[in-house]
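Hi everyone, thanks for making time for this. Let me bring the structure up on the screen, and then we'll walk through it together.

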Amino acid sequence: MENDITGLHHVGLVAADMSSAVETYRRLGFTVSAPTYPVLPSAPGAPPRPVGAANAHIYLRRNFVELVTIVRADESLPAEAELLPLSVPDDKLPGLLTAVRTTAANLSDCLDRFPGMHILIFDSPDIDRATTRLRAADVDHGGVHSIQRPVHTAEGTRMAATRFLEVNSDEPGAAPGRLPEGRLGIAQNSAVDPHRVMHANSAIDLIGGVLCVPDDTWGATVKRYEIYLGRAADRTGRTATFDLGDASVTVVADSAVSDLIPGLRPPALPAFVAYQIAVQDITRTADHLKAAGVSYHRTRTGKLVVPADEALGAAIIFS
């Protein structure tokens, strides 16, 4: 049977300030979209205002990196911000506002832990089959939901349907859509051919994520992810890697993380601590980072690692 998870859909970084987050990633050589702010009235007939969470995207060939901030009532929006009015019948408005505010509160809790990578979403060609498999394995999740997200195509920006689910923790009292390490889910896109976005650092695809956990929970976490992903991990010492076909996810114990990513110090445990980007030309990547004054180190295998403090709290591995 074919796997129902075949790569990474996106990773998300939660930042305190959108303008600073966009500036940081453009300095790293990424082309970043204008940040989008959802807009809703607080009550029927009230003037619409930005609410919930705002995001900007780094679009790659098959996936993306998301920059997320919480919308605050007294903040001034970035000059390039785009408002996204959400249309909803009056009787549905309270429910949508509750959902939007719950998402914002969830992200605020993530930010209170540390600014950085809190979202990891897997890509699926058949989310219904993935849902059936998770249900059979007694994995709690919030069910499949549909949203519209902007996709840049050769004909311009189009709204494309995305179906997704988020995995819930089995710990008593845990918030929906939250695991100890952050938000984890599965998504399936509609058939839309995205426009190729060029990046100064020659980035092509998101191909890896790294989760660091305490040593005493490493084994249980690996088993948990084997259930989520429907496959066994390749274990070496205290490092376990899941081959997703077009990408991989690594679960590493705290005692072994410095062997995997020298110099990395997790801001908390457990935590998503790094992600990997495939590039077209690693020399071009290095040249851009040098010119921008971004610190990095080169691994024995020729990969470039930008430390977390240069990249909104998560290390970036360019390969």
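Let's begin in the middle: the largest nonpolar core has 63 residues. Those with the most contacts inside this core are Y25, F30, F122, Y225, Y275, I277 and I316. Helix 4 supplies the largest share of the core, five residues. Apart from this core lies another one, of 14 residues, including F114, V210, V252 and I261. Please keep in mind that what you see is a predicted model.

What does Y25 touch, if we leave out residues up to four places away in sequence? Its partners are L13, F30, V32, I58, V65, L67, Y275, A311, L312 and I316. Y25 also forms one aromatic cluster together with F30 and F318.

That brings us to the aromatic rings. How many aromatic pairs does a search of the whole structure find? The search gives four. Take Y59 and F64: their ring centres are 6.3 Å apart and their planes meet at 50 degrees, so this pair is tilted. Both Y59 and F64 are buried.

Then look at Y225 and Y228. Here the ring centres are 5.2 Å apart with the planes at 65 degrees, and because an angle over 60 counts as edge-to-face, that is what we call this pair. Both tyrosines sit in helix 4, residues 218-229, and because they are three residues apart, about one helical turn separates them. Are they buried or exposed? Y225 has 0% relative accessibility, so it counts as buried. Y228, at 7%, counts as buried too.

My last stop is helix 6, residues 282-292. Its buried residues are T285, A286, H288 and L289. Why do they end up on the same side of helix 6? Because they cover an arc of only 160 degrees around the axis. On the other side of the helix, K290 and A291 are exposed.

And what do the buried residues of helix 6 pack against? The list is helix 1 (18-27), strand 15 (271-279), strand 16 (297-298), strand 17 (304-306) and strand 18 (315-318).

At the start of helix 6, D281 has a side-chain oxygen that comes to within 3.0 Å of the backbone nitrogen of T283. Just after helix 6, G293 adopts a positive phi of about 75 degrees.

That's my tour, and I'm happy to go back to any part of it.

Note on methods: Residues are numbered from 1 along each chain as its sequence is written. This is a predicted model: local features need pLDDT of at least 70, side-chain atom pairs count only at pLDDT 80 or more; totals for chains, interfaces and linings use all residues. Side-chain values use heavy atoms; hydrogens and water are left out. Buried means under 20% relative accessible area, exposed over 50%, partly exposed in between (1.4 Å probe, protein chains only). Helices (H or I, at least four residues) and strands (E, at least two) are DSSP runs, numbered from the N terminus. The arc is that of the directions from the helix axis to the C-beta atoms. Contact means heavy atoms within 4.5 Å. A polar contact is a pair of N or O atoms within 3.5 Å; within protein, one must be able to donate a hydrogen and the other to accept it, and residues adjacent in sequence count only if both atoms are side-chain atoms. Rings of Phe, Tyr and Trp (its six-membered ring) pair if their centres lie within 6.5 Å; planes under 30 degrees apart count as stacked, over 60 as edge-to-face and the rest as tilted. A nonpolar core is a set of buried Ala, Val, Leu, Ile, Met, Phe, Trp, Tyr and Cys residues joined through side-chain atoms within 4.5 Å.
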